[in-house]
Amino acid sequence: MERVSIEADPAVLRGLDNWRDLPASQQPEWRSAEELRAVTDELAVSPPLVFAGEADQLREHLAKASRGEAFLLQGGDCAETFAESTADNIRNKIRTILQMAVVLTYGASLPIIKMGRMAGQYAKPRSNTMELRDGVELPAYRGDAVNGHAFTPESRVPDPNRLLSAYHRSATTLNLIRAFTGGGFADLRRVHEWNRGFTSNPAYKRYEQLAAEIDRAVRFMAAAGADFDALRTVDFYSSHEALLLDYERAMTRIDSRTGHPYNTSAHFLWIGERTRELEGAHVDLLSRVHNPIGVKLGPATTPETALALQERLNPEGTPGRLTFITRMGAERIRDVLPSLLSAVAAEGSPVTWVCDPMHGNTFSSPSGYKTRRFDTVLDEVRGFFEAHQAAGTVPGGLHVELTGDDVTEVLGGGEEIDEGALSRRYETLVDPRLNHQQSLEMAFAVSEMLRGS
Ligand code: PEP
Ligand code: CO
């Protein structure tokens, strides 16, 4: 059922189902069409998780990031899980992002737009449809919104009822995010105190000077009478990969103020590297919603593809509407990114460029863990800044997979996690995440790069 407002244009409404006739990759084979319909009918009349006005506000912020007047920090799990959507876990992630944001604010001398890969990041594209273990083959795990991670036939069957659980988990997560970031947890002085704990650790000695500068800046603000009460709350936006079309369609509503469709499952949605076919279902559905959206661009992206995506997803050239999230790999970024930057700049339509230094740098350790090296990740960020500087374009943000806990999934960093240590706390169900300390270390390192840029 559609919440049709007076202004809703029937052609616009019909367009929202156009994707159903297009090729759609990475969709689960749900166990029952009837169950799926019952679930999407229920979702379609369930309250929105976010509001059109919030998405519009985020679009304005991202427009600023495209012009170098703000910088985006987007972070969170590769895949959120139902089991880990606990208060402690969510709080630790928010805290990590807020801590990083303070350090980046100083380095960039710009407002940082804070966004979680949170409150809806429950579905994963997979390279292989099936998983083979000890001669047994079962459907791959596709995220908690689709099936269970346990390697049993029952658990791996795609169950539409999981979409409802994903919706409810997203709602409770967002509720906590709103409470934390609106209720004093984000107080600048408090976040600064947490960072003091980090930089007093000898492993991070090289950031002592930067930390001391930030400390002086905060004390200066206090002495000059800055209104810290106004800095007790922050805007914090939600985002996830718009992968499961049945879910994303059910959460798409007509805004009664404007008559425009908005995806109300998150403020920002992105299309993944594996589902961004120009004539495919994902691009079609997202082309029709008014949220700010992103597209992942891997190392095989040609300038023609980037321009065609722009034309398709932002034909009017609305600032802040379209973000390109590049994930080239540290080895490729300096070769591949420059031609994309110059083609897009020559065309002239605004894009917010964001660096995902994670997904192009994944490999399997000899012991079989999917991992990444901290130094390689940082090197891709460096390559991103270098390419923008050379092209005269604007680096608009950073997209990272992180957790607020002390997991051991990414190699290196000041704590020097080595291959032997991976097994200690390897908890991710899909991609390896920076742990709490590595996330802060990355913020300090990127802050130095931003200052130098
Ligand atoms: C991800 O962001 O977890 C992901 C799967 O990324 P990509 O589409 O860039 O591979
Ligand atoms: Co990932």
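1. Starting at the ligand: a backbone N or O atom of E273 sits 2.9 Å from an oxygen atom of ligand 1. That falls under a polar contact, meaning a pair of N or O atoms within 3.5 Å; within protein, one must be able to donate a hydrogen and the other to accept it, and residues adjacent in sequence count only if both atoms are side-chain atoms.

2. A caveat before going on: this is a predicted model, with local features needing pLDDT of at least 70 and side-chain atom pairs counted only at pLDDT 80 or more, while totals for chains, interfaces and linings use all residues. Residues are numbered from 1 along each chain as its sequence is written, chains are lettered from A and ligands numbered from 1 in the order in which they are written, and side-chain values use heavy atoms, with hydrogens and water left out.

3. R117 puts a polar side-chain atom 2.9 Å from a ligand oxygen, and for H359 a side-chain N or O atom is 2.9 Å from an oxygen of the ligand. The residues around ligand 1 (a heavy atom within 4 Å) also include C78, K124, W270, R327 and E401.

4. On to the domains, whose bounds come from an automatic or database domain assignment. Domain 1 takes 10-182 + 237-452, and domain 2 is 187-232. Their centres, over C-alpha atoms, are 29 Å apart.

5. What do domain 1 and domain 2 bury between them? About 1700 Å², 66% of it on carbon and sulfur atoms; this is accessible area (1.4 Å probe) lost on putting the two parts together, summed over both. On the domain 1 side, V102, Y106 and F444 lose the most, together 37% of what that side buries.

6. The side chains of E213 and R451 form a salt bridge at 2.7 Å, N to O.

Methods:
Salt bridge = Lys/Arg side-chain N within 4 Å of Asp/Glu carboxyl O.
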